[in-house]
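Colleague: I would like to learn how to read a model like this one, feature by feature. Could you walk me through it?

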Amino acid sequence: MSDETTIKASKEDIAVKRLEVTNLIYDFINDTSLMPNLIDGLAGLDEIDPNADDIFEKLSEASRLADKLHDIPDIDITRDVGLLVVGVNHHGNIALVPPGAEDWLGKKFKPSKQGIDWLTDQNGMRCLAHYIEFGAKNHLPIHKALIEGLKNKIVVTLIAIYRFDLSESAMNALKELYHLTPAEMRLCNHLGQGLSLKDSAVQLGVGAETNRTHLKRIFQKMGINSQNELVRIITQISAASSIYDVTRKHNLDLVDNQKNSIQTTHTAYIRTRHGSKLCYSCYGDPDGEPLLFFHHTIGCRILSDDMINDAYKAGKLIYTFDRPGYGGSEPIDNYCPKILAECTEDFLDAHGLQQVDALALAISGRSVLEAIPYMKGRMKTLDLYSFRGVSPPHDPTHIWNHFIYLLIKNAKYVGPMVRLLKSAFTNQSVVKNMQSAYGSSPPDQQYVSNPKNCFYLLNVLQLACSQNGVGPSYEFTNLRKEFRANRDDYSDTLIRAFFGEHDRYNPLEDAQDFLKQFPNLSVKSVPNAGQLFLFARFKEFLSLAR
């Protein structure tokens, strides 16, 4: 950000710009096709507002929470979290419940001013119930029958019934956020279970006055003045923490399940000569032929399930790592092609590989080509797909070009933007956006018609930007610089370049002059293929390249 441009902007200008960005965010949440407008507005705010960093840090925090709670697979929130969501009709009676919760039908919900009530279950246990705010419906895995009930006006609102017990992670969150003592957290747990101050004192073995003192201190630390407010806060923290615990366990279990006879994947680290951690994964046939895969710049080390299976069928053991400043790999100061080469050599040494075949996708091909002269012949072959050797043309209709623009303007804003995107996208809207981005090829259109594939592309973008876009920012900027190769530096590496004949964004015509610099080069156009050929038909590409 330029200090000069910031100084010239008046407080009124900044206030107006902030209001514009707020409206853009609101518009985007209602219509995700307006994402380019929002990205342009965010970049413009940074140019004039000296406190833009604070705003984006808040945006980042909100996005991280949305990311934790949005679209969680394979979770029964009643079983795993203790949170039951039911529908209430205009008489205040529970009129619609998920399967297995029929005992709650007909119970009356009489909320306080804070939207809280206590209901009694069939065992006589008091359970907390409270309204679900409108926005929260988008971040909880609510049973589809309840959503239909709202649409058909069988129910007018949803409430959450919580069988309360503070988990260890919720306790830690209370301690971290409000600096509560163990005694204060135990009191919170009892109040959340519906106990009175007196009953809680009996269970804790303390006097009633001691409990009242604890409660006053809790109020002071949290900045509240009623037990209802306290219960609402600790319920939300407990539910969010429980959901996060379940998703973390689910993700770990998913990794374990993939370590079977047909595929292997894991996340691991090596330490480079620069003292930094390099994060990597491996996929495919554990006994297969090694292949080092450099994912494109807006991606990182993860492959889709279909690509993993294709790698196994092709007899390949694919290694892929986050380049420095991407994903789980720590940034390295003054990152450049020489450092990329050194990290690659460190990776090969750690896995006992003297030489390796490599594959580079899209813009990453430029970085790998620049690194080869420093690798002393350790890369036998390099297959390039959808290669671009120079700065991509500006295409305002392409979704990723807006991210490129934001990366160059201020890389650290991209991570929060991606998280916000994922929390706002529906299946329909993400397909619509991806089809506008990859519209030049019928096979590409078919690939992105599946929401699973679209969200995979968003996931790799989010992983790439989890280091605030440090790596992508460098590589996009470097792409704008002229590069001249010394042919002798490439005599030990066979280079093959493949281009989809329907790839409008990285066509052969734009790259052929650049590629003429390299000896031992073959170029091939792939029929009926576009930019996503590598993702959609990975096994076919592996066979084509070998």
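Modeller: Gladly. Let's begin with a pair of strands: β12 (residues 494–500) and β13 run parallel and are joined by six bridges. Keep in mind that this is a predicted model.

Colleague: What holds strands together in general, and which residue stands opposite L521 in β13?

Modeller: Strands of a sheet pair through backbone hydrogen bonds, in either a parallel or an antiparallel sense. Here, the residue facing L521 of β13 is I495. Helix α21 (residues 508–515) packs on the sheet, where it touches β11 (379–385), β12 and β13. The direction of α21 makes about 165° with that of β12.

Colleague: In what order do the strands of the open sheet come?

Modeller: The sheet has eight strands, in the order β6-β7-β9-β8-β10-β11-β12-β13, and the pairing is mixed. At the edges stand β6 (268–271) and β13 (521–526); each has a single partner strand, so one side of each lacks a neighbour in the sheet. From one strand to the next, the twist averages 25°.

Colleague: How should I read the two faces of β6?

Modeller: The general idea is that side chains in a regular strand alternate between the two faces of the sheet. In β6, A268 and I270 are on the covered face, while Y269 and R271 are on the uncovered one.

Colleague: On to a residue inside a strand. Is F293 buried or exposed?

Modeller: F293 has a relative accessible area of 1%, so it is buried. F293 lies in strand β8 (residues 289–294). Leaving aside neighbours within four places in sequence, F293 is in contact with L303, M307, I318, Y319, T320, L359, L361 and L534. Take L359 from that list: it is 66 residues from F293 in sequence, yet their C-alpha atoms are 4.8 Å apart.

Colleague: And aromatic rings? How many aromatic pairs does a search of the whole structure find?

Modeller: The search finds 15. For each one, look at the distance between ring centres and the angle between planes. Y280 and F347 have centres 5.1 Å apart and planes at 80°, so they are an edge-to-face pair. This pair links distant parts of the chain, with Y280 in strand β7 (residues 277–284) and F347 in helix α13 (residues 337–350), 67 residues apart.

Colleague: What kind of pair do Y385 and F533 form?

Modeller: A tilted one, with 5.6 Å from centre to centre and 50° between the planes. Y385 lies in strand β11 and F533 in helix α22 (residues 533–536), so the pair ties together parts that are 148 residues apart in sequence. Y385 is buried at 0% relative accessibility, and F533 is buried at 2%.

Colleague: Which residues do ring pairs link into a cluster?

Modeller: Y280, F294, Y319, F321 and F347.

Colleague: Now the helices. At what angle do α12 and α23 pack?

Modeller: Helix α12 (residues 305–313) and helix α23 (residues 538–545) pack at about 40°, with axes 8 Å apart. Their crossing is right-handed. M307, D310, A311 and K313 of α12 make the contact with F538, K539 and L542 of α23. By type, the contact residues divide into four nonpolar, no polar and three charged.

Colleague: Why is helix α14 (residues 364–371) described as largely enclosed?

Modeller: Eight of its eight residues are buried, so the rest of the structure largely encloses α14. Among them are R366 and E370, along with S364 and L369.

Colleague: To finish, how many helices and strands does the protein chain have?

Modeller: The chain comes to 23 helices and 13 strands. Of its 546 residues, 53% are buried. Among contacts between residues at least 6 apart in sequence, 71% join residues at least 24 apart.

How values were computed:
Residues numbered from 1 in each chain as written. Predicted model: local features only at pLDDT ≥ 70, side-chain atom pairs only at ≥ 80, totals over all residues. Heavy atoms only, no water. Axes fitted to C-alpha atoms, helices over the stretch in contact; angles between N-to-C directions. Helix = DSSP H or I, 4+ residues; strand = E, 2+ residues; numbered from the N terminus. Left-handed = near helix turned anticlockwise from the far one by under 90°. Contact = heavy atoms within 4.5 Å. Nonpolar A, V, L, I, M, F, W, Y, C, P; charged D, E, K, R; others polar. Buried < 20%, exposed > 50% of the residue type's maximum accessible area, 1.4 Å probe, protein only. Pairing = 2+ DSSP bridges. Phe/Tyr/Trp six-rings, centres within 6.5 Å; stacked < 30°, edge-to-face > 60°.
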